[in-house]
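Welcome, and please have your viewer ready. We will go from one selection to the next, with a short note on what is there at each stop.

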Amino acid sequence: MSTAGAERVGAAAGNDGAPGDRLLEIQNLRTYLKTSRGVVRAVDGVSLELRPGTTLGLVGESGCGKSMLLRSILGLLPRRSVERQGRILFEGQDLLSLPPSRLRRILGRDIGYVAQDPMTSLNPVLKVGQQVGETLRCHYGVSRSKARAEALELLQSVGIPEAERRLDQYPHQLSGGMRQRVSIAAALACHPKLLLADEPTTALDVTVQAQVLELLSRLARERSMAMILVTHDLGVVAGRTEQIAVMYAGQVVELSPTSDLFGNIQMPYTEALFKSIPRLSDVPHHRLVSIPGRPPDLRMQPTGCRFASRCTYTQPQCLTDAPALTEPGTSGHAYACWFPLGLQPEDPPADSAAPTGAPVGPARPARRQ
Amino acid sequence: MGDLLVQLRPERDPLLRVEHLVVEFPAGRGQRVHAVSGVSFDILRGETLSLVGETGSGKSTTALAIAQLPKPNSGSVIFDGQDLTQLGRKELRAVRPRFQLIFQDPISSLNPRRRLTDSVAEPLRLAGRGAEAKQLADAMLEAVGMDAELAASRWPSDFSGGQCQRASIARALVLDPDLLICDEPVSSLDVSVQAQILNLLHDLRERYGLTILFISHDLAVVRNVSDRIAVMYLGKLCEIGEADALYRRPRHPYTCALIEAIPAPDPTSRPKATSILGVEPPSPITPPSGCRYRTRCPRAQEICAVEEPTLQRVEDDHYVACHFPVAEHAAGVA
Amino acid sequence: MSSRPEVSPVLLVQVPPPPPRIEAAAAPAGGAGPGRIVPLWKRLGIPFWLAVGWIVLVAVLAITASILPLQNPDVGNFSALSQGPSAAHWFGTDDLGRDLMSRVIFGSRVSLIVGFAAAFLGTVIGGALGIAAGYLRSATEGVIMLIMDAIISFPSLVMLIALTTFLGKNLVNITGAIALVTVPVLARLARGSTLSVAKRPFILAARSAGATNFRVMWREIVPNVLPPLISLGLVIVAVAIVAEGALSFLGFSIPPPTPTWGNIIASGENDLSTAPQIVFAPAAVMFVTVFAFSIAGDRLRRIGELQSGGI
């Protein structure tokens with residue numbers, strides 16, 4: 001059952017609904033990189049779900065593991081020095097246990113990928129038309145002329161003017177925004193069910209950014225395509241996703257339906273992130289609320305909450321016990337925090353053992369957004 | 001030429017006055033890139049002016065040209081009464097300590113083969129003050145929030161982006177300059193670190209009485225730091241004025257489009273992409289005739305292709321270069 | 001206190017606390033973490049250390065040759081002509097009965113001196129020219145690279161032979177001639193490296209602090225260009241040793257009776273089938289020495305690349 005349009009479905013951290021509902025299910029994924037300086041736990045126990053036709057926004061700062069997560073799903077990591085554990089179920093199949101030949105059939109055809117930097121993600125010595133049609137020829141053995149016709153249609157659908165002429169141009173003849181559109185066209189050539197977009201607009205100007213994001217949303221709607229949109233900018237995901245996951249130090253620390261997140265942030269890191277963004281509505285020359293310190297070293301396995309050393313609300317328990325991602329209510333909003341912001345001070349800490357932990361208090365303390 | 005420079009305020013004795021700045025590069029096959037085509041503005045002492053624009057606007061080129069790295073093709077850069085473009089090499093070197101730069105990429109702003117403290121102390125050694133160099137450098141590092149002892153024994157690669165940027169700021173301030181030119185200083189930093197650095201700049205500005213030229217593409221960041229804002233497009237100034245006025249009552253269609261395009265972390269709002277036409281910005285090698293923005297402007301008329309608009313006053317300390325500026329109440333932030 | 005502080009509007013505009021010490025919790029990346037599992041000396045690898053060991057051995061032997069209990073390299077034992085390796089002569093003897101091992105060890109002096117000196121000279125001159133070309137650009141670069149291209153285009157062996165014939169066959173001239181031939185290669189590398197270093201903002205920062213061109217090149221660029229240059233320089237030592245060997249084989253290097261690897265090989269050319277040790281002893285030592293330099297230089301280059309940001 002695919003859904004067209006922006007249907008808001010909250011996917012919980014636990015199980016909810018029939019398994020067939022879920023296009024992508026990541027179970028306790030861990031990606032460890034062996035380097036000469038130690039083992040880096042780039043992704044350390046991430047579980048996510050994605051329903052067909054919905055968009056998940058994956059937000060976090062650099063080093064939090066969000067790009068690594070995408071590459072782990074795709075398997076685009078050096079085999080020798082990287083170890084992946086857990087399960088990545090795509091349409092029921094575990095991508096981690098598939099032989100490379102079968103994985104290749106899925107990549108590009110059912111799962112598309114748009115990389116961050118449009119300058120380097122296209123082959124500079126191949127024509128644009130060739131690159132867009134390549135997946136078609138690869139997966140479906142389509143003839144060259146038919147691939148070209150399809151490529152033309154794709155370029156038009158991503159809003160490139162004079163598409164016919166562009167087919168024979170080389171990437172360096174296009175601007176950054178155009179190149180990114182070409183990358184998107186190439187990713188969508190085989191009508192994938194899932195699109196992984198790794199910071200697709202970070203390297204683009206803000207006016208082009210708005211256009212490209214609009215394009216991605218429209219295409220996802222038209223093709224009933226699920227999408228994971230990775231970004232460091234909370235603003236980018238605010239109006240375009242059904243679900244948002246916030247990552248920190250290799251883990252998901254807050255997972256919520258978009259509609260519920262912004263008025264109801266639970267995890268202090270998300271709040272801090274939200275607050276440190278300078279905004280047009282701010283008073284000039286005022287001090288931004290910044291997060292002191294630095295993200296933890298991913299080589300060390302900390303005891304307790306990984307954000308504890310930088311959190312304004314740290315309590316002793318935070319330093320010794322690591323909170324797990326839990327969803328106390330049924331709103332689909334999960335968080336990993338002993339003292340989420342919605343709690344009243346007298347409430348006992350959210351307990352991961354109890355299935356329904358401390359309820360979110362009805363009266364929340366007044367917070368400046 | 002007087003009326004071409006309405007936006008200047010000579011009566012207030014600005015620290016920096018830039019007039020008719022032109023920077024062009026050869027682009028092969030006899031063509032030239034018109035990176036900056038006649039930009040004029042001034043900065044008063046203690047003021048922060050932000051130069052805003054997207055890729056290809058010429059904002060970074062303007063900043064480097066002001067610092068004579070290298071000299072602009074034409075135009076004058078009058079710094080505290082002296083025209084930098086007319087100075088010989090030796091005289092220029094003597095003035096250089098008074099205006100310093102910070103760059104976008106913090107890690108490559110520092111010599112990877114030199115320990116952090118040495119990098120910060122180097123300008124002092126260059127100025128012949130080697131004896132007190134280490135002491136002053138340590139003091140400056142502490143002032144920007146870094147551990148001087150650690151910095152003395154470690155290399156840039158041992159530090160994070162935010163820390164390297166702090167060190168770069170320390171290095172820029174160690175000679176006690178009057179003017180600080182910041183070329184996208186926070187663009188490659190994470191949001192939380194960005195906030196730290198902006199707060200730091202704010203504190204240092206107050207503490208050392210700095211005049212700042214701040215280059216950025218991010219209107220939200222710029223809102224936080226600026227007294228005055230200048231918007232550039234394809235080598236030309238579109239709009240310049242007092243920050244608040246510009247945000248609340250933007251008059252140039254490009255400024256309006258920039259403001260609208262900024263994504264706000266609010267699920268009910270979706271940035272509009274409708275007020276910019278077309279998908280590809282024109283090339284600075286063959287910029288459009290007349291008003292350079294006309295090919296993407298929904299309000300363009302015939303005259304825009306024929307006659308280039310000049311900066312006109314629309315209100316106190318607010319100037320726009322447009323034949324059909326946006327109506328006052330139509331756009332802007334509350 | 002058990003209650004959490006509220007985030008009030010006041011917090012946003014309060015007097016700022018002194019800037020936090022960012023170093024506090026996490027140690028910088030290179031430092032004390034369970035970090036350096038593989039220290040540098042280990043990462044260089046066994047081949048590297050074996051190579052270095054061999055080089056050191058040869059160098060020490062060459063330096064101390066006069067005081068070692070070696071047989072006289074110039075005096076032949078006529079009762080032991082062209083003999084294979086034995087207890088008395090570990091490498092055998094040549095056609096005049098001279099002990100090959102001591103000849104090879106004494107001969108290594110010329111090879112090593114010429115090798116090191118020529119490579120050093122070439123590195124200094126080539127490095128300087130390359131950095132100047134890469135940093136100063138325009139006319140300077142044009143002239144320098146033109147001269148480099150000219151030198152490279154000329155057949156190197158012919159040039160070496162011509163130079164040594166006309167200038168005289170002594171150590172200084174040979175070293176200079178070989179250095180000349182190696183300069184373009186090192187200059188090319190130095191220029192390429194300088195081009196990429198000069199683009200980085202810290203160069204602009206140095207200029208904006210008032211540094212002269214010379215100072216920028218010396219204090220900012222040289223430290224960054226030196227590592228790849230030195231790595232190539234070691235490989236060039238190998239090349240120089242082979243070049244000297246070729247010259248002396250052809251008779252254009254230090255004339256006999258001074259032993260050099262090349263002229264020992266030359267002297268054994270005719271007896272290759274009957275007394276192969278005359279050719280193989282010096283050739284083998286030369287091969288291993290050249291190989292050692294190549295490995296050492298290559299390994300250093302790899303480690304340097306990895307450190308400056310490859311994965």
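Helices (H or I, at least four residues) and strands (E, at least two) are DSSP runs numbered from the N terminus.

Before moving on, a note on the model and its labels. This is a predicted model, in which local features need pLDDT of at least 70 and side-chain atom pairs count only at pLDDT 80 or more, while totals for chains, interfaces and linings use all residues. Residues are numbered from 1 along each chain as its sequence is written, and chains are lettered from A and ligands numbered from 1 in the order in which they are written.

**Stop 1: helices of chain C**

Stay on H8(C) and select Val222(C), where the helix bends by about 50 degrees. The bend is the angle between axes fitted to the seven residues ending at a residue and the seven starting there. A proline, Pro223(C), follows within four residues. Just after H8(C), look at Gly251(C), which takes a positive phi of about 90 degrees.

Now select helix H3 (residues 100–136) and helix H4 (residues 138–153) of chain C. Their axes come within 7 Å and cross at roughly 145 degrees. Axes here are lines fitted to C-alpha atoms, for helices over the stretch in contact, with angles running from 0 to 180 degrees between N-to-C directions. The crossing of H3(C) with H4(C) is left-handed (the near helix is turned anticlockwise from the far one by less than a right angle). Show side chains for Leu129(C), Ala132(C), Ala133(C) and Leu136(C) on H3(C), and for Ser138(C), Thr140(C), Glu141(C), Ile144(C) and Met145(C) on H4(C): these make the contact. Contact means that C-beta atoms, placed from the backbone, lie within 7 Å. By class, this contact has six nonpolar, two polar and one charged residues. Nonpolar covers Ala, Val, Leu, Ile, Met, Phe, Trp, Tyr, Cys and Pro; charged covers Asp, Glu, Lys and Arg; the others, Gly among them, are polar.

**Stop 2: the sheets of chain B**

Switch to chain B and trace an open sheet of eight strands in the order S6-S7-S8-S3-S9-S10-S12-S11, with mixed pairing. Strands pair if DSSP finds at least two bridges between them. S6(B) and strand S11 (312–315) of chain B stand at the edges with a single partner strand each, so one side of each is left without a neighbour in the sheet. From one strand to the next, the twist averages 20 degrees.

Within this sheet, pick strand S10 (residues 236–242) and strand S12 (residues 318–320) of chain B, which pair in the antiparallel sense over three bridges. Ile240(B) has Tyr319(B) in S12(B) as its bridge partner. Then bring up H6(B), which lies across S6(B) and strand S7 (179–183) of chain B and runs at about 170 degrees to S6(B).

Chain B also has an open sheet of four strands in the order S2-S1-S4-S5, with antiparallel pairing. Its edge strands, S2 (32–43) and S5 (82–83) of chain B, each pair on one side only. Two bridges join strand S4 (residues 74–79) of chain B to S5(B), and Ile78(B) stands opposite Asp83(B).

For a backbone detail, select Leu69(B) and Pro70(B): the peptide bond between them is cis, with omega near 0 degrees. Pro70(B) sits in the loop between helix H1 (59–66) and S4 of chain B.

**Stop 3: strands of chain A**

In chain A, strand S1 (residues 24–35) runs antiparallel to strand S2 (residues 38–50), joined by 10 bridges. A hairpin connects S1(A) to S2(A) through two residues, and Lys34(A) stands opposite Val39(A). S1(A) also pairs with strand S4 (residues 82–90) of chain A, antiparallel over eight bridges; there, Gln27(A) has Arg87(A) as its bridge partner.

**Stop 4: where the chains meet**

Finally, show chains A and B together: 41 residues of chain B are in contact with 44 residues of chain A. On the chain B side, the largest share, seven residues, comes from H7(B).

Conventions. Two residues are in contact if their C-beta atoms, placed from the backbone, lie within 7 Å.
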